[in-house]
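Here are a few exercises to work through with the model open in your viewer. Try each one yourself before reading the solution.

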Amino acid sequence: MSKAEPLHEMVKRATASTLRAMARERELIVGFARGQEGVVHSGDTATLPEPEPQPHLKLADILCLRGHADALALRLNYHDKKLHNRLMPPGDDARKLFNALEQVRVETVGGRIYPGAAQNLAALHEQNAVNYRGITERDPQHLPIAMALLARARFTGTDLPAPAQALAQMWESWLDAKAPGHLDKLSAALDNQADFAHAAGTLMQALDLINELPSEPDQDQESEQDAQADDQQPQSGEDDQPDGEGDQDSSGMVGADAMSAEMADGLDGGDGLDEDMVSGGETPAGPNEGEDTWPLNNPQAPPPYHAYATQFDQVVTAEDLCDPTEMQRLREQLDRQLDKLQGVVSKLANRLQRRLLAKQTRSWEFDLEEGLLDVARLTRVVIDPYA
């Protein structure tokens, strides 16, 4: 009889699935790392803190892990990255405050729709509040944290943890004197990211962080920037992206065979398949330029879905749906299907190696018959000279 899946692995699998569902990103790759805060890389990869294995895994740790995941999911779902970058104010201090307020906005909006996420975020913020105990005076570097705490308390109407409450009270009177009523303006603009960004700009202007409000570029400037970007793109050669690679139909990608075949075709056809991965580019999440399809920014959009009644719901645990033996069998079946992708992974690794080698600074010392000898690679030559 196969061994049951460890608890921390079940937590990781459930958290990753919930993150994809809440973010509405089915292809999001979720990883876990020790000491890593929740972060999204390149728009398609997210990293969460690695949970402790049994018996060290506690309920509070699971709630905080879910809090990290929910914060990322709400950011991906209710945040327009292009609009945020266009309205970003100049200056490091202003940008830190701008990013902190936007994170509070998406968490507040998402918490109204997902009460469970609001509870997880509250547990996460309560754990983070421990870091504020040593703060006893008003330091300008703590301004983004203090403004985020004051905004969260005003938006949600809930009490902050004791250490966070002490930090917020240090800045509350100063904020009321410098920018009275600005938190109320931010609260009134929660459902529209553009209006919220404008209100955040007026707040930073009142706090003397910026001289003037950032404005969106006009259509002529955007057209000129797009034309310049098109001119800088390669017209032919190895870096061209074949037609149709960006329009893959997920309904036809059933099983590892189809995935392996399509990825192999993309590798043989050109280098456009992993251009963003190699160059570090990002695919912004959200609507296209000039569109406003976000439901919370559209007053005519239908209200978000909610359960009409819950008294007839039936709650079934995962153990009742699938026993550990069946789960282990499905996992082994998945591993066998992934074995067929090893060739694609090798091609991607070889291409990345060629890209990195092409950017290296090469040197040659003359008067040496065989060139330089790299002693660190002698073992590799002996073990596998063709590697």
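This is a predicted model: local features need pLDDT of at least 70, side-chain atom pairs count only at pLDDT 80 or more; totals for chains, interfaces and linings use all residues.

Residues are numbered from 1 along each chain as its sequence is written, and side-chain values use heavy atoms, with hydrogens and water left out.

**Exercise 1.** Work out how helix 2 and helix 5 cross, and which residues make the contact.

*Solution.* 
- Find helix 2 at residues 59-78 and helix 5 at 115-128; helices are DSSP runs of H or I, at least four residues, numbered from the N terminus.
- Their axes come within 7 Å and cross at roughly 115°. Axes here are lines fitted to C-alpha atoms over the stretch in contact, with angles from 0 to 180 degrees between N-to-C directions.
- Now list the contact (heavy atoms within 4.5 Å): helix 2 brings L63, C64, R66, G67, H68, D70, A71 and L74, and helix 5 brings A117, N120, L121, A123, L124 and Q127.
- Sort them, with Ala, Val, Leu, Ile, Met, Phe, Trp, Tyr, Cys and Pro as nonpolar, Asp, Glu, Lys and Arg as charged, and the others, Gly among them, as polar. You get eight nonpolar, four polar and two charged.

**Exercise 2.** Zoom in on N120: is it buried or exposed, and what does its side chain pair with?

*Solution.* 
- N120 sits in helix 5.
- Its relative accessible area is 8%, so N120 is buried (under 20%; exposed is over 50%, partly exposed in between, with a 1.4 Å probe and protein chains only).
- Skip neighbours within four places in sequence, and N120 is in contact with L63, R66, G67 and D70.
- With D70 there's a side-chain to side-chain polar contact at 2.8 Å (N or O atoms within 3.5 Å, one able to donate a hydrogen and the other to accept it; residues adjacent in sequence count only if both atoms are side-chain atoms).

**Exercise 3.** Track down R24 and D208: where do they lie, and what is phi in each?

*Solution.* 
- R24 is in the loop between helix 1 (7-23) and strand 1 (29-33); strands are DSSP runs of E, at least two residues.
- Phi of R24 is near 60°, positive although the residue isn't glycine.
- D208 is in the loop between helix 9 and helix 10 (219-232), and its phi, near 65°, is also a positive value in a non-glycine residue.
- R24 is exposed at 62% relative accessible area, and D208 is exposed at 58%.
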